[in-house]
Amino acid sequence: AIIAILAGLLLPALGKAKKMATRASCQNNLKQFGIGYQNYAVDYDNWTPYAIDPDVDPDVHWFNLLAPSVGKPFDEYPIDEPSADFGIWRCPTNREQKRATGTGTGKSQVSYCANGWNHLSQTNVNRFLRNRMTSFKYPSELFAMFDGNYYRSECWKNTGSSPFSIGITQAEYAHSLGLNTLYADGHVAYL
């Protein structure tokens, strides 16, 4: 009976510790993406990758462009193997991870969503993708990526506040109804 009581006291604490460790692992992934974006910007005159440029190559997206800065080339990851090792591309809470392909508007079973638009010709100062790192007015408030099930988010109505407070539908609240977010200045926060 004493063992059962002790187990009953310890199990909730262990569950909470496991959730916190999962959230920390996800935050670490986003932090590594932040470093990858910085490395990419150094190589490309302070530009962040574009979401897609159909005029150049409709099969190249931000994740293809960023992959060399954060690990192996993106086409080396399997397209449809949820149990595969996706490294930092997979949030530990995502059990259905797939490699992002195409621009579609529906869920794509990825773990992280980038703040950007599809085309180079469309301008929006509130997007992170396809902008100069030096052009962000409030980089500590502009989100670059967040927990999300879409490969990119729409940037309209993004005033730099968090996706949690503005209700972006592409967000995935996978961490105790919270959200990990990478900001343009490289810091990561849990909302």
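These are my notebook entries on a predicted model.

**Ground rules**

I am working from a predicted model, in which local features need pLDDT of at least 70 and side-chain atom pairs count only at pLDDT 80 or more, while totals for chains, interfaces and linings use all residues. Residues are numbered from 1 along each chain as its sequence is written, and side-chain values use heavy atoms, with hydrogens and water left out.

**Overall layout**

I looked up the secondary structure and found three helices and seven strands, where helices (H or I, at least four residues) and strands (E, at least two) are DSSP runs numbered from the N terminus. Read from the N terminus, the elements follow the order α-β-β-α-β-β-β-α-β-β.

I then looked up burial, taking buried as under 20% relative accessible area, exposed as over 50% and partly exposed as in between, with a 1.4 Å probe and protein chains only. On that scale 42% of the 191 residues count as buried. The protein exposes about 10100 Å², of which carbon and sulfur atoms supply 56%; these areas come from the Shrake-Rupley method with a 1.4 Å probe, and for residues only the protein chains shown count as cover.

For contacts, meaning heavy atoms within 4.5 Å, I noted that among those between residues at least 6 apart in sequence, 60% join residues at least 24 apart.

**Aromatic rings around Phe33**

My search of the whole structure gave six aromatic pairs. Rings of Phe, Tyr and Trp (its six-membered ring) pair if their centres lie within 6.5 Å, and planes under 30 degrees apart count as stacked, over 60 as edge-to-face and the rest as tilted. One of the pairs is Phe33 with Trp89, edge-to-face at 4.9 Å centre to centre and with 80° between the planes. Phe33 lies in helix H1 and Trp89 in the loop between helix H2 (62-70) and strand E3 (112-115), so this pair ties together parts that are 56 residues apart in sequence.

Tyr112 counts as buried because its relative accessibility is 3%. I recorded one aromatic cluster formed by Phe33, Trp62, Phe63, Trp89 and Tyr112.

**Charged side chains**

Side chains of opposite charge can pair when their charged atoms come close. I counted a salt bridge where a side-chain nitrogen of Lys or Arg is within 4 Å of a carboxyl oxygen of Asp or Glu, and the count came to one. Asp45 and Arg132 form a salt bridge, with the closest N and O atoms 3.3 Å apart. This pair links distant parts of the chain, since Asp45 is in the loop between H1 and strand E1 (52-53) and Arg132 in the loop between E3 and E4, 87 residues apart. Arg132 is partly exposed, with a relative accessible area of 29%.

Under the rule that a charge sits over a ring if NZ of Lys or CZ of Arg is within 6 Å of the ring centre and within 35 degrees of the ring normal, I found the charged end of Arg23 over the ring of Tyr190, 3.9 Å from its centre.

**Backbone entries**

What did I find for the phi of Asp45? Asp45 has a positive phi of about 55° although it is not a glycine. Leu177, also not a glycine, has a positive phi of about 65°; Leu177 is placed in the loop between helix H3 (163-166) and strand E6 (180-183) and counts as exposed at 70% relative accessibility.

**Buried and exposed positions**

Leaving aside neighbours within four places in sequence, I listed the contacts of Ala144, among them Cys113, Phe128 and Tyr183.

Thr22 in helix H1 is buried at 18% relative accessible area and touches Pro92, Thr93 and His175, not counting residues up to four places away in sequence.

By contrast, Leu9, in helix H1 (residues 2-43), counts as exposed at 60%.
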